[in-house]
Amino acid sequence: MTKPPLTIHLAAPRGFCAGVDRAIKIVEMALEKWGAPVFVRHEIVHNKFVVDNLRDQGAVFVEELEDCPDDRPVIFSAHGVPKSVPAAAEARQMIYVDATCPLVSKVHIEAERHAENGLQIVMIGHAGHPETIGTMGQLPAGDVLLVETVEDVATLDVRDPGKLAYVTQTTLSIDDTADVVAALQERFPAIVGPHKEDICYATTNRQQAVKEIAPLCDALLVVGAPNSSNSKRLVEVGARAGCSYAQLVQRAGDIDWRALEGIGSLGITAGASAPEVLVNEVIDAFRDRFDVTVNLVETAQERVNFKVPRVLREEA
Ligand code: SF4
């Protein structure tokens with residue numbers, strides 16, 4: 001039986017960013033240096049495949065520092081942690097390695113600097129996301145106000161409208177964030193923003209690539225986890241850019257083949273915490289059913305690379 005033709009527009013960049021790459025390397029190098037078990041507070045990055053893989057190598061994932069013994073190393077996830085977490089690890093004289101992405105740490109420093117200058121911080125982010133909790137936790141409780149939407153801006157109760165600054169989560173939708181920033185600036189004209197966007201290069205590039213391919217496609221699949229903020233944003237960006245069927249899939253097994261019957265073009269991308277092996281698994285699943293032509297759509301090249309912390313670069 002001949003297979004129907006299908007053009008896959010493959011977004012580039014997609015998948016792992018430098019912060020995720022570094023965080024995974026940190027866990028692997030910690031296992032090498034100290035042996036198993038190495039504890040990891042929270043999913044090191046939001047991807048089940050990655051987490052399962054590291055668990056197989058001897059990493060133990062826990063929710064809180066209290067779940068770790070004093071005498072084993074602990075790693076903090078790429079999303080960042082409130083200040084109280086390393087402080088508690090120090091008090092218990094634990095060995096800890098902070099895998100917070102340097103671009104998240106940059107936002108932490110920004111927030112602290114603004115607070116030192118007497119400004120109250122408004123954080124644009126998603127309530128409950130570990131990155132939001134980590135960034136807000138750089139300052140005493142109540143010092144950082146959270147807004148998620150334009151509507152939230154109207155109800156903000158600030159200390160002094162003339163002494164405000166905003167920071168953002170690194171993985172937000174660029175367009176939605178621009179709307180929230182505009183609402184903040186309209187209500188609080190003196191509000192201070194970041195010198196350079198807090199939304200990171202990887203989020204920006206992946207969203208840009210999706211905007212490029214979405215109008216070409218009958219359907220778009222984003223390989224990523226349901227708890228991955230940047231992956232969910234890629235689905236939204238794809239839908240808004242004109243692709244009527246945009247879905248998140250963790251693996252090939254999640255593909256809804258019924259919904260994709262009769263398509264002639266498909267966009268594929270992957271969130272910053274999704275490994276390429278899963279993208280290939282998805283493409284291979286399409287090759288089984290379609291006569292696939294892959295068209296790589298490259299909208300940017302990335303050469304960002306972050307060093308692992310010194311403690312892991314030193315001899316064991
Ligand atoms: S998505 Fe951006 S901020 Fe988050 S880990 Fe990757 S590079 Fe860092």
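Modeller: This is a predicted model. The UniProt entry, which is unreviewed, places the feature "binding site" at Cys17, Cys101 and Cys200.

Colleague: Where is Cys17 found?
Modeller: In the loop between β1 (5-12) and α1 (18-34).

Colleague: Why is Cys17 called buried?
Modeller: Its relative accessible area is 12%. Buried means under 20%. Therefore Cys17 counts as buried.

Colleague: Which residues does Cys17 touch, leaving out those up to four places away in sequence?
Modeller: Tyr201, Ala202, Arg206 and Ala272. Contact means heavy atoms within 4.5 Å.

Colleague: And where is Cys101 found?
Modeller: In the loop between β5 (96-98) and α4 (102-116).

Colleague: What makes Cys101 buried?
Modeller: The cut-off is under 20% relative accessible area. Cys101 has 11%, so it is buried. Beyond residues up to four places away in sequence, Cys101 touches Gly19, Arg22, Ala78 and Phe306.

Colleague: Which residues surround the ligand?
Modeller: Cys17, Gly19, Cys101, Leu103, Val104, Thr170, Thr171, Cys200 and Tyr201. The annotated Cys17, Cys101 and Cys200 are among these residues around the ligand.

Colleague: How do you know that the ligand sits in the largest cavity?
Modeller: A molecule sits in a cavity if more than half of its atoms lie within 2 Å of the cavity's grid points. The ligand is assigned to the largest cavity on that test.

Colleague: How many nonpolar, polar and charged residues are in the shell around the ligand?
Modeller: Six nonpolar, three polar and no charged residues. Cys counts as nonpolar and Gly as polar in this scheme.

Colleague: Let us turn to Val181. Which helix holds Val181?
Modeller: Helix α7, residues 174-187.

Colleague: Why is Val181 called buried?
Modeller: Its relative accessibility is 12%. The limit is under 20%. So Val181 counts as buried.

Colleague: What does Val181 touch, not counting residues up to four places away in sequence?
Modeller: Ile124 and Tyr166.

Colleague: What separates the C-alpha atoms of Val181 and Gln207?
Modeller: A distance of 18 Å. Along the chain, Val181 and Gln207 are 26 residues apart.

How values were computed: Residues are numbered from 1 along each chain as its sequence is written. This is a predicted model: local features need pLDDT of at least 70, side-chain atom pairs count only at pLDDT 80 or more; totals for chains, interfaces and linings use all residues. Side-chain values use heavy atoms; hydrogens and water are left out. UniProt positions are given in the numbering used here, feature names are shortened, and annotations may be inferred rather than shown by experiment. Helices (H or I, at least four residues) and strands (E, at least two) are DSSP runs, numbered from the N terminus. Buried means under 20% relative accessible area, exposed over 50%, partly exposed in between (1.4 Å probe, protein chains only). A residue is near a molecule or strand if one of its heavy atoms lies within 4 Å of it. On a 1 Å grid over the protein atoms alone, a cavity is a set of points where a 1.4 Å probe fits but cannot get out, and a pocket is an open set with protein on both sides within 12 Å along at least five of seven lines; lining residues have an atom within 4 Å of a point.
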